[in-house]
Structure formats: C-alpha cells, structure tokens
Amino acid sequence: MTAQHVPASSTDPSTELDLIPQVVQRLRARFESGVTRSRRWREQQLEGIERFVAECEKDIFEALHADLGKPEIEAFGAEISYVANDAKHARKHLAQWMKEEKVSTPLVAMPGKSTIQSEPLGVVLIISPWNYPFQLLMAPLVGALAAGNCAVLKPSEVAPHTSAMLAKLLPRYVDPTCIEIVEGAVPETTKLLEQRFDHIFYTGNGTVGRIIMRAAAEHLTPVTLELGGKSPTIVDRTADLDVTAKRIVWGKFFNAGQTCVAPDYVLVEESVHDALLTRMVAAVREFYGDDPQRSDSYCRIVNERHHDRLTKLLDSGEIACGGQHDKSDRFIAPTILRDVTWDDAVMKEEIFGPILPVLAVRDVDEAIRTVNDHDKPLALYVFSSDKSTQKKVLARTSSGGATVNHVWMHLAVPDLPFGGVGESGMGAYHGKHSFDVFSHRKAVLRKPTQVDPPILYPPYTATKTKWVKRIL
Ligand code: NAD
C-alpha cells in the first residue's frame, strides 16, 4: 500500500494547503461507500495497529527519543505498549460494543421493541499534541476505527520526528483510503478546520481549544476537548510519607513533567511539610542521581521555546532541589520549589515541565478551598491514610479524574473514562468510552403493524380522550 498523506507545507505551502479539502472529500466518499461499517473492516484496522506497534517498535521509540529524549521504559509504558493494549482491548470487545442494546418499552409505545444502535459518525478529525505524540494520536484513532469511521490525523508539528514516522509507516498498516495523515502546523490545521467533519477530537491547550470549538460551531460539529490545567496533589498528615514522596516525584518528573496529568503543585499539611519535602528531595536524588543531566532515566524539554518559558518560572519561591538548566541540551533539572505563593509566576499557569512547587496549608479544608478557588483541573491526587479525608476531598472538589494515594494511575484503567471538566476539557475516552465518543447512539423503536389501535388518530372524541388520560 502506498502512503496517503499530505506532507508538511515546507516545500510549496499553497499547493499542499489546497489539497486538504480533497482529502476530506475522498474520505467522505469512502465513508459513504459503507466499507468502514463491517466488523471485519474494523477488526482489520485494529489488528493493523497492533502489527504496526509490534513491527515498528524500534522506529517509534527512535522518533520519540529524537523528539523528547524519552527513556525506553517511558516510551514503552506510556506510548508504545499503551497503544497496542488499547487496540487489542477494543478488538476483543468490539462484538459486544457493536451489539444493539435492548431497553425497556413503556405501555405508550407497546407493542414494540426498543433498542440503541451505535452507528459511526462519518469522517472525524483527530488533532494531537507533542508531549505523548504517539499515544495521543493513536489512542483516539483506536476509538474512531473501532466505531467504524474514516479519520484525518493531524499530528503535532512540535514533535516532528514522530509526525514524520507516523506519516511514513502508519499507512502501511491501516486502510490508507480511509485514514489519512495531514502533517503541518497552524496553516494546515486552520485549513482542516474550515472543512466539515462529523467529530473533532482535539488534545492540547485551552487557547487552541477555543479556536477549535469556534471553527466547529460553523458546521455544528461536535467536539471532544482534552485539555490541561494545574492538577493539584493534596497530602495530609496521615499519609505514608515515604511512599507519597516517591510517587509524587515519579509522576511529576516522568516525561520531564510534560504530562497533562502530572502533579502541578503540592498542597501539604504544614505539620508534615518539612518531612515530605526532605523525602521528595531524597527521591529525586535516588531516581536521577547527583547529576540528572547524565541520567538515562530523564527526558528533555521538547524545544527551546518551552525551555525559555520554563526557566522563567524558576524565580518563584526557594529552590529545594534542582534549578540547573542547559539550553543547548534542552535540559532542566528536576526542580522542587518551596515557600511559593499564588502571586508567583509558577502558580499563574500550567507548569508542564519539571518544576514542582510545594505549598503548606493549615489543614485539608484549606487545601479544598484552594483547589475550588481555581479552574477545575484535569486530575486531582489525594494522599491520606484516613478514609474520611479521602472521601471528603473527592466529594468536595471537582476534577476530570482522581487517584487516591498515587498519581495518574486512573489513566491505566480502560473502563474509566478519561477527560476533563470545565477548563480542563469536555468529553472523555479510553476503552468503551472511546468507541462511544466516535459513535452516534441511535434510538430505534420497532413496531409491528398487525395491531393498530385507532385511539391516537383523529377525530379526537371524548371517549378517546378519556382512554388516553387513563393509559398515559
Ligand atoms: P501543540 O502545540 O502540539 O498543539 C496541539 C495541536 O494543536 C497541534 O497539532 C497543533 O498543530 C495544533 N494547533 C496549534 N496552534 C493552533 C492554532 N492556532 N489553530 C489550530 N490548531 C493549532 O500542543 P500544546 O497545546 O502545547 O499541548 C500541551 C497542552 O495540552 C497542555 O495544556 C496539556 O495539559 C494539554 N494536554 C492534554 C492532554 C489530555 O489528554 N487532556 C494530553 C496531553 C496534553
């Protein structure tokens, strides 16, 4: 099979931008042909993704390493095997997901049979960011294909090696007449957004999220927005501090903090503030050594622009550990900040890098008030051995998802919906939820014609009215 993709607009921008409407028209014609609807076609695509991952693991890893310096274990765990397992899970459950779902029929609609049929939406657009550039394009694709759609994929230009690798290799494993990749940046995405899609699935920041939603409104296209925000971590005095410190440090500095669900800041009860901080600093040294720049277990910042943005945040509070940076190597050391206030730059935006502010709070109630004073986050973590504290935090805060006594592990459970709320996004996916995002749940009532009570038909008489009032 030959690759079907529109390359990045570096050579002749106008011509390539002009090709974009044709991409969507081609896919629409393919969707209309009905080819994507069968279970067999869907299974073949999911099998193709599994084979792609198995056969191209090295290429995928090399691209991720070139873009972000990802250590193999992080690339494998959070991207490569994640996608293979996701495709396998969808393939295994596909027959069940596609099954027409029976629901009960009330007296008013009797006799009859009521069902919900999941049908594909049509041609969908998937736009992904650079921080997990493989997983965040492929996992939505798994849902789109399981649900029987055609898809246009727009990988992030900020991770160019992964984008080029996907454009070259993916079309060999999935039906290239139904799945096309458009590489490029803002001009390409803008042109894509002028076209009519049946769903737009966007992962990235809220500013662009608003651009996506405005463009989608022109065609009344539904959107899923997987956004970010400042995900808080609350630690109370009953927490197991040794384990808590390690889990927070691991979850924060994984991918050098460039994770949408990374703990953005820590709110710790003041009575255990120093004890937690000491253990976190020790965990950083244990994980990454005395010179993290030489550690094989530590990523790089994606580009110089983000490096510059992040180093400006280092002036907030006091540095408890880290703070070193080297722009020529896109390196920023795992950094923990103490004595930070909400007036500091680091608390004004999502950090999205290896800088972790730790703030003391009087008690858990103050932590809850602090969380609720800010935008609803994508994730929230609470470390506590006290069940009533865990319950209180979950009940009185709102977040896309939450993990108790760990960070972002809720993502690894396919039956849990993954998505934001409020500023952190709308809609959710993973497992069956991905299938549902890309399906329309069509209401179907099947009626027999043998029985046809005249009671509903005009002319309306007093007797008919009496009976209708009695039945309804
Ligand atoms: P990015 O810069 O790669 O942008 C994402 C996509 O938007 C790219 O494909 C890009 O081409 C496109 N884009 C950029 N500017 C555009 C414009 N003006 N018009 C149209 N399209 C445009 O990635 P990013 O936004 O820097 O990603 C980081 C953000 O994404 C963070 O806020 C993070 O929390 C969030 N994120 C969320 C999730 C999630 O699952 N909820 C996952 C990862 C990242």
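I take buried to mean under 20% relative accessible area and exposed to mean over 50%, and I keep in mind throughout that this is a predicted model.

**Entry 1: helix α13**

I began with helix α13, residues 387–396, and looked up which of its residues are buried; I noted T389, Q390 and V393. Looking down the axis of α13, I found that these buried residues fall within an arc of 100°, so they line one face of the helix. On the face turned away from that buried side I noted the exposed residues K387, K391 and A395. I then asked what the buried residues of α13 pack against, and the list I wrote down is β9 (232–235), α12 (364–372), β16 (379–383) and β17 (401–404).

**Entry 2: the sheet**

I found an open sheet formed by seven strands in the order β11-β14-β15-β10-β9-β16-β17, with mixed pairing. Its edge strands are β11 (318–321) and β17, each of which pairs on one side only. On average, and with direction ignored, neighbouring strands of this sheet are turned by 25° against each other.

**Entry 3: W250**

Leaving aside residues up to four places away in sequence, I listed its contacts as F287, H406, V407, W408 and M409. I also compared W250 with G69: the two are 181 residues apart in sequence, and their C-alpha atoms are 17 Å apart in space.

**Entry 4: the largest pocket**

Last, I turned to the largest pocket, for which I noted a volume of about 830 Å³. Its lining is made up of 34 residues, and those nearest its centre are W130, Y202, G204, N205 and V208. The elements that give two or more residues to this lining are α7 (186–194), β7 (199–203), α8 (206–218) and α11 (304–312). Which element gives the most? I found that α7 does, with four residues.

Conventions. Residues are numbered from 1 along each chain as its sequence is written. This is a predicted model: local features need pLDDT of at least 70, side-chain atom pairs count only at pLDDT 80 or more; totals for chains, interfaces and linings use all residues. Side-chain values use heavy atoms; hydrogens and water are left out. Buried means under 20% relative accessible area, exposed over 50%, partly exposed in between (1.4 Å probe, protein chains only). The arc is that of the directions from the helix axis to the C-beta atoms. Contact means heavy atoms within 4.5 Å. Two strands pair if DSSP finds at least two bridges between them. Axes are lines fitted to C-alpha atoms, for helices over the stretch in contact, and angles run from 0 to 180 degrees between N-to-C directions. On a 1 Å grid over the protein atoms alone, a cavity is a set of points where a 1.4 Å probe fits but cannot get out, and a pocket is an open set with protein on both sides within 12 Å along at least five of seven lines; lining residues have an atom within 4 Å of a point. Grid points are joined across faces, edges and corners, and a volume is the space filled by probe spheres set on the points.
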